[in-house]
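Have your viewer ready and your selection tool at hand. We will go through a few stops together, one selection at a time.

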Amino acid sequence: HGGEGKHVREAPRLRGLPTFGLAMAGLVLGHVLAYLIAVPDPHHRAFVLQRTGHEYLPAMAEAALVLALAGMAAVVIRALAPGPRDGSERFSRLAGRLALVQVLAFGGQEVVERIVAGAPIRHLASDHILVIGMAVQVVVALAGAAFLRWLARTSRKLAETVLPRVPLPRAGAVPALASASW
């Protein structure tokens with residue numbers, strides 16, 4: 001039977017991509033900032049990073065950048081897509097989720113880095129890197145949540161301003177135009 005009265009809604013496949021991408025970028029940024037704060041001397045910091053298994057960090061930063069850019073693109077595309085727009089997530093909920101993910105990931109990352117590098121885990125407390133890193137992750141998460149909310153709001157406003165002025169062909173007009181040209 002016909003599809004009258006039925007609303008087919010496509011499942012958002014990449015719904016969590018903006019949050020995940022921003023959390024990964026925030027994790028890397030927070031990681032770098034934490035070491036800059038905890039170990040201000042650049043020579044000592046380079047030694048600590050080398051000794052504690054951070055060789056992979058540049059590659060992780062590149063991957064996080066790609067994920068963050070993909071997440072930002074998803075926010076903009078979602079705002080420009082036709083149809084009803086979902087209400088955006090509350091700032092406190094988004095910031096809390098980002099902070100929780102980033103703090104837990106940072107703590108786990110530091111422990112795993114040391115295990116893999118054969119460095120003593122007890123040294124996490126010596127430079128206060130764990131405490132400083134977790135605090136920095138919360139601050140970065142708050143900034144990330146604010147940025148993501150700003151991007152979503154700005155994209156929605158852009159869509160409301162630009163899309164009503166752009167004449168889009170009706171759904172039935174496209175096949176009719178295609179068959180007429182043949």
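Start by selecting E110, which counts as buried because its relative accessibility is 0%. Keep in mind along the way that this is a predicted model.

Now show the side chains of the pair: E110 and R114 form a salt bridge, and their closest N and O atoms are 2.5 Å apart. Side chains of opposite charge can pair when their charged atoms come close. Where do E110 and R114 sit relative to each other along helix 4? They are four residues apart, so about one helical turn separates them.

Now widen the view to helix 4, residues 91-117, and colour helix 5, residues 129-162, alongside. The two pack at an angle of about 145°, and their axes lie 8 Å apart. Their crossing is right-handed. Select the residues of the contact between helix 4 and helix 5, and you will have 17 nonpolar, five polar and three charged ones.

For the last stop, go to helix 1, residues 17-38, and pick L29 there. Is L29 buried or partly exposed? L29 counts as partly exposed, because its relative accessibility is 44%.

Key:
Residues numbered from 1 in each chain as written. Predicted model: local features only at pLDDT ≥ 70, side-chain atom pairs only at ≥ 80, totals over all residues. Heavy atoms only, no water. Buried < 20%, exposed > 50% of the residue type's maximum accessible area, 1.4 Å probe, protein only. Axes fitted to C-alpha atoms, helices over the stretch in contact; angles between N-to-C directions. Left-handed = near helix turned anticlockwise from the far one by under 90°. Nonpolar A, V, L, I, M, F, W, Y, C, P; charged D, E, K, R; others polar. Salt bridge = Lys/Arg side-chain N within 4 Å of Asp/Glu carboxyl O.
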